Amino acid sequence: MEKDILNNIINIKKKIDKFSDSHNDDYALVDEITNLSNDNNFKSEEYIIKEFEDKVDLDRTLRVGIVGKVKSGKSSLLNSLLFDGKDILPKAATPMTAALTHIQYSYTNYIDIEFITKKDIGDLEEIYNKYNKTLEKEIENLKKKTIRRKLTSAVGSMVSAGTTALNKFEEEYYDYDKLEKQAKEVVDKNEYLKNGKEKYNLIKKANKLVYNHVLKQENERIDFKNIEEISKKLKDYVGTEGKFVDFVKSLNIYINIDYLKDLSILDTPGFNDPVETRDAKARELLSKCDVVLILMPATQLFTESDRDIILKIRKKEGIQEIYIIISKFDDALNSQENIKKSGGDLEKSKNIILNGLEGDMGLIEYIKNIFDKMNDENIFNKLISEIDKRVIYSSGICHSIIKNWDNLDETYKVVINNLSEAYPDYISLEEKETSLEQLKQLANIDAIHDILKKVSGEKNEILGENLNNFENKFIESANEIKRKLNRYVREREKDIKSGDIEIIEIESKKLEKSVNKISKSLKYKFEDTVEQWYKESLDDINKKLEKFFKEAKYSVEEAKSEETRTKKEGWWIFSKNVQYQENTINTEKIRELIREYARSFNRQLEIFIINIYKSFRENLITNTTNIFIEEELDVNLEQVSSIIRPIMMEYENNVNKYDDNPHLNLIKETGTISGYLVDELVKKVNNIIRKMDEDFYKIVIEDNLKNFKETITKIDFSNSVLSNYRNRINKYKEEIENKEKAISKWNRIKEEIDNLV
């Protein structure tokens with residue numbers, strides 16, 4: 001079945017290519033087909049196959065996304081799910097100190113920390129400046145309204161008074177501090193501007209040594225031996241007082257625990273993130289999640305932040321299962337209204353909150369109604385139809401109290417005292433066993449475990465939905481190509497009907513008159529653009545590789561361990577058993593360490609190479625457009641882009657990666673080895689990593705950057721652009737000279753387009 005779907009999509013691609021080939025005399029149409037194919041997932045057969053393998057991998061782990069605003073209880077939930085309630089993952093203090101966190105299984109324990117870059121800080125500064133300009137404008141608007149109102153009420157005709165009198169009156173009759181406060185309230189409603197301003201202020205106040213350290217590092221790797229070390233290792237990067245908190249973009253936490261063998265977890269910091277690269281990454285990762293848990297505090301359901309998150313979720317193609325977690329459920333139980341209605345009956349209080357009482361709407365019905373209104377794309381059908389099963393209440397702090405009952409801090413004691421005062425028959429510090437059972441029900445962590453266990457068991461069914469989504473995505477893309485081609489045809493027909501042969505002939509003569517000059521200018525400008533881009537990219541790559549080798553390198557020492565052995569010493573009746581420590585090393589752990597180093601390199605490589613290719617193309621389009629404009633030709637940036645993009649995209653789509661690792665074959669050892677063999681293997685592995693570094697450098701510089709440069713310099717760029725533009729003019733002229741024949745031809749083309757899908 002999977003192969004049939006893949007073959008069907010590939011056949012559509014072949015039809016599009018055949019259609020393009022049959023009209024290869026019309027450069028403008030061919031370019032339009034090429035650009036639309038690149039923009040709508042039909043770049044190449046290789047790309048389609050890669051997407052299929054990536055999205056329809058039935059053997060991968062399930063991806064679970066946990067979304068919710070800051071302080072919705074995500075960290076408490078993760079600590080309960082993964083670490084049995086221990087405070088391992090720190091809590092973010094504000095939206096500006098939250099980090100995108102991806103937790104997944106790994107044989108080795110480590111944390112990869114990504115910092116914001118100089119460009120990110122520059123983007124934040126722009127948001128900061130925009131906030132201030134918006135604030136100033138709002139203050140001026142309020143000043144005018146205030147002065148006009150007071151002038152009108154106090155002195156009537158003084159509205160038309162002179163400037164001096166008006167300025168004096170202005171100083172006396174408005175309170176600037178009050179106006180500024182009112183203006184801030186207005187501007188702060190734009191969460192994006194507000195968050196950007198706050199984030200930039202935090203960065204401006206940062207220690208200079210920290211600032212410089214972050215900009216030099218970009219990434220940092222931290223190794224840890226056991227789970228208890230995570231919170232200590234992260235204290236400088238996440239939480240309230242960490243010195244790097246304001247600069248952390250994302251955390252990738254790799255942990256060797258069985259729970260993560262079947263699923264990986266993504267904890268997002270919310271959206272409308274002023275750090276645009278982090279926001280984009282969060283959206284991309286969320287789009288690849290199979291299951292999403294939406295956390296909303298029981299006493300703060302559906303805030304603006306919650307609604308924004310849900311709006312983003314309903315656009316995501318990969319999400320199959322959605323659950324609502326009503327977090328901090330103890331807060332709702334402690335409301336005076338619920339206590340009064342329930343009369344101190346805990347079970348009755350829970351039922352009132354969830355299902356309502358005497359005509360009042362409960363949380364479950366309220367949540368259902370909200371999602372009903374937001375279900376215009378039918379993303380939430382399953383959630384709405386199974387609402388009773390998919391809304392789960394929870395209290396992370398109740399779970400933590402259970403784990404720390406004999407050592408409660410002040411925060412925990414306050415929660416216990418509040419619950420015991422409201423529900424004395426259910427919870428009390430004097431009744432440990434009864435209280436623990438009730439707290440367990442309030443924590444409700446088992447219910448969330450059951451959900452994750454259920455979806456893990458349904459993995460094949462859930463991932464099977466991705467197969468359907470893969471097919472729908474490409475069918476929709478093909479229909480989008482078809483729709484836009486039909487629009488293109490209509491525009492061509494319109495141009496033919498309204499075309500003026502004299503204007504076309506003037507443009508043609510201007511081109512032929514200056515063609516030699518344009519040809520030389522294009523040739524030299526292309527060469528200059530290539531050289532300048534190559535030099536800048538080379539410098540950038542060398543810096544990035546240096547940082548990658550320094551920060552991402554995996555130490556083989558972490559694979560070593562010590563074991564206690566026993567040996568006999570002495571002779572005959574005087575012999576005795578003596579214990580000693582001996583180094584050991586697991587060879588599979590070593591192999592996985594090397595594989596992960598290569599995977600990490602490939603992840604960084606693809607992003608970087610695609611960005612530098614795009615930078616080159618954009619510079620080339622701008623420079624080429626300027627040359628045409630200087631010769632007074634009727635050409636704009638969009639038209640030049642439609643000519644140049646097909647020329648360059650063929651080469652841009654190819655990124656050479658580190659696919660095979662021949663060095664792994666050098667490790668012949670198997671199992672766990674010990675003694676002097678450990679030192680020999682460590683030496684061998686260090687040599688392998690050095691060789692891999694050399695391979696990486698060659699792949700980036702030789703196989704990608706130099707190869708791209710050498711390939712594109714062989715292009716006769718000047719001739720390609722000019723012949724394409726000349727073809728467009730001549731084809732347009734030919735169609736205008738025989739309009740009836742041209743319209744008939746485009747009608748036939750419309751029929752061909754209709755048969756593409």
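What follows is a working chat about a predicted model of one protein chain.

Biologist: Before we start, what are the ground rules for this model?

Modeller: This is a predicted model in which local features need pLDDT of at least 70 and side-chain atom pairs count only at pLDDT 80 or more, while totals for chains, interfaces and linings use all residues. Residues are numbered from 1 along each chain as its sequence is written, and side-chain values use heavy atoms, with hydrogens and water left out.

Biologist: Fine. How many helices and strands does the protein chain have?

Modeller: The protein chain has 29 helices and 12 strands, where helices (H or I, at least four residues) and strands (E, at least two) are DSSP runs numbered from the N terminus.

Biologist: And what share of the residues is buried?

Modeller: Of the 757 residues in the protein chain, 48% are buried, buried being under 20% relative accessible area, exposed over 50% and partly exposed in between, with a 1.4 Å probe and protein chains only.

Biologist: Let's go to β6. Which way do its residues point?

Modeller: From β6 (residues 263–267), L263, I265 and D267 point one way and S264 and L266 the other way, and all of them are buried. In a regular strand the side chains alternate between the two faces of the sheet.

Biologist: What does β6 pair with, and in which sense, parallel or antiparallel?

Modeller: Strand β1 (residues 62–67) runs parallel to β6 and is joined to it by five bridges, with V64 having I265 as its bridge partner. Strand β2 (residues 100–105) is antiparallel to β6, with three bridges, and T101 stands opposite D267. Two strands pair if DSSP finds at least two bridges between them.

Biologist: Why is β4 called largely enclosed?

Modeller: Four of the five residues of β4 (residues 219–223) are buried, so the strand is largely enclosed by the rest of the structure. Strand β3 (residues 110–115) pairs with β4 in the antiparallel sense over five bridges, and Y110 stands opposite D223 there.

Biologist: Changing topic: how much space is in the second largest pocket?

Modeller: The second largest pocket holds about 1,200 Å³. On a 1 Å grid over the protein atoms alone, a pocket is an open set of points with protein on both sides within 12 Å along at least five of seven lines, whereas a cavity is a set where a 1.4 Å probe fits but cannot get out; lining residues have an atom within 4 Å of a point. Grid points are joined across faces, edges and corners, and the volume is the space filled by probe spheres set on the points.

Biologist: Which residues lie nearest its centre, and which helix gives the largest share of the lining?

Modeller: The lining of the second largest pocket has 36 residues, with Y488, D495, Q639, S642 and R728 nearest the centre, and α23 gives the largest share, seven residues. Helices supplying at least two lining residues include α2 (27–39) and α26 (637–652).
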